[in-house]
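Reader: I'm new to this structure, and I'd like to learn how to read helix packing and cavities. Could you show me?

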Amino acid sequence: MAANIRLSDLRTGFHPTFWVANGMELFERLAYYGQQIVFMIYLRNQLGFTEGEAGQLSGIFGGLIYLLPILGGTLADKWGFRRAFNVAFTILALGYFLIGSLGMEAFRGFYGNFSLYWLLLAFLILTAFGGSFIKPSVLGTVALTTTEKTKSLGFAIYYWLVNVGALLGPTIAYLVRDKYGNEFVYLVSTTSCLMMLIINLLLYKEVQPATPVPTESMAKKIENLFTVLLNLKFMIFLLIYSLYWIIFWQEFIIVPYYITDFIDKDAPYEIIQSWAGAGAIILLQIPINWLTKNLPARTAILTGFIVSSLIWVIIGISPSIPTIFAGIVAFAIGEMIQAPRYYEYISTIAPPGQQGLFQGYAFLPIAIARFVGDPIGGWLYQSAKEAGKPEMVWYSLIGIGVGAVILMAIYNWVVGHTETTGQA
């Protein structure tokens with residue numbers, strides 16, 4: 001009976017635009033994770049940057065991609081999600097092409113004597129601006145195209161399709177870089193974004209909220225940006241949540257370096273990371289969502305933190321391909337427990353007409369993690385490698401994971417106590 005109800009929800013509980021937006025998100029994630037998995041190796045091996053420099057550039061790029069959705073969400077609310085998608089996919093396609101062109105023989109003399117660092121930084125900032133519109137537009141669409149009954153399932157489907165893209169992107173990246181080189185992975189990302197621009201123009205239809213909301217001026221929307229920042233409880237929660245993402249992104253910073261430098265330089269690290277992480281989520285996201293749907297949101301988040309922290313303990317015991325694979329699976333299980341509930345929670349507290357804004361702020365922890373965690377990851381790895389003690393990277397990450405669990409437990413206790421006593 002439960003299965004029949006779930007199938008009925010799939011057939012009737014979503015507006016057609018829900019599927020268009022999530023399909024575009026799948027291919028945008030394919031483009032993003034395909035280039036992300038080769039990014040650090042591309043910068044070191046093709047463009048000649050050190051691990052520390054690559055970590056800095058990765059932090060700027062990733063931080064902006066997840067910080068700018070706060071502004072992108074505000075603009076998407078004002079413009080409409082269809083127009084925001086048009087801007088996003090146009091800029092993303094151009095940006096990915098430019099990043100890849102820096103490593104291509106055909107463009108070797110095109111950029112003259114310009115500094116490679118500053119050229120790459122400019123291209124990364126452009127690409128990040130384009131990507132800033134995607135998340136708030138997709139999540140805002142999910143919020144508008146689901147019912148109260150199907151909202152939790154809708155966000156689980158969204159997260160499931162994100163991870164289909166996160167599996168396909170690195171898998172294609174491995175096949176392309178193995179045959180043509182890392183720089184040509186960026187052509188795959190460019191093509192994927194151009195395809196989604198066409199799909200958006202042809203198929204995406206704006207959906208209006210069931211209850212009309214007052215139209216706000218752009219000045220009012222900018223004011224709302226700062227109003228959310230003054231929500232101290234929400235900001236503390238987001239800061240704690242950023243610790244979770246600091247350790248997550250080391251799968252893309254430290255793991256590729258460690259595998260190629262200390263285990264097997266020819267190992268398909270893209271396949272290992274994507275099939276362990278995204279593959280586990282594709283197989284288990286919907287069942288885990290069903291099993292944990294009755295957990296309170298904060299409890300689900302803390303549980304996810306605890307499970308995900310196992311990754312670095314598993315890897316740290318004996319770093320190898322099997323333990324890295326197992327550790328990434330452990331992290332993915334924790335991610336499945338907490339991440340969709342996090343986005344669902346954000347959608348429920350967003351005021352009418354501010355879905356894009358609040359879903360933009362939902363990515364502030366990832367922005368913080370990228371700005372801080374990527375440079376830390378690059379520095380940690382480079383320092384441990386130079387000291388001849390690569391195992392120190394695992395011990396450092398275990399400490400961050402334990403700290404995140406403790407702080408989230410304290411936060412849950414304090415917030416639960418204030419809600420029980422009726423305090424604001």
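Author: Two packed helices are described by the angle between their axes and the distance between the axes. Here the axes of helix α3 (residues 51–67) and helix α6 (residues 116–131) come within 8 Å and cross at roughly 20 degrees. Helices are DSSP runs (H or I, at least four residues), numbered from the N terminus; axes are lines fitted to C-alpha atoms over the stretch in contact, with angles from 0 to 180 degrees between N-to-C directions. This is a predicted model: local features need pLDDT of at least 70, side-chain atom pairs count only at pLDDT 80 or more, and totals for chains, interfaces and linings use all residues. Residues are numbered from 1 along each chain as its sequence is written, and side-chain values use heavy atoms, leaving out hydrogens and water.

Reader: How are α3 and α6 oriented to each other?

Author: They are roughly parallel, a label for angles under 35 degrees.

Reader: Which residues in α3 and α6 meet?

Author: Q56, L57, I60, F61, L64 and I65 in α3 meet Y117, L120, L121, L124, I125, T127 and A128 in α6. Contact means heavy atoms within 4.5 Å.

Reader: And how do I find cavities?

Author: Rolling a probe the size of a water molecule over the atoms shows where empty space is left. On a 1 Å grid over the protein atoms alone, a cavity is a set of points where a 1.4 Å probe fits but cannot get out, and lining residues have an atom within 4 Å of a point. This structure has 3 cavities of 30 Å³ or more. The largest is lined by 26 residues, with Y33, Y159, N163, F248 and E335 nearest its centre.

Notes: Helices (H or I, at least four residues) and strands (E, at least two) are DSSP runs, numbered from the N terminus. Angles under 35 degrees count as roughly parallel, over 145 as roughly antiparallel, 65 to 115 as roughly perpendicular and the rest as oblique. On a 1 Å grid over the protein atoms alone, a cavity is a set of points where a 1.4 Å probe fits but cannot get out, and a pocket is an open set with protein on both sides within 12 Å along at least five of seven lines; lining residues have an atom within 4 Å of a point. Grid points are joined across faces, edges and corners, and a volume is the space filled by probe spheres set on the points.
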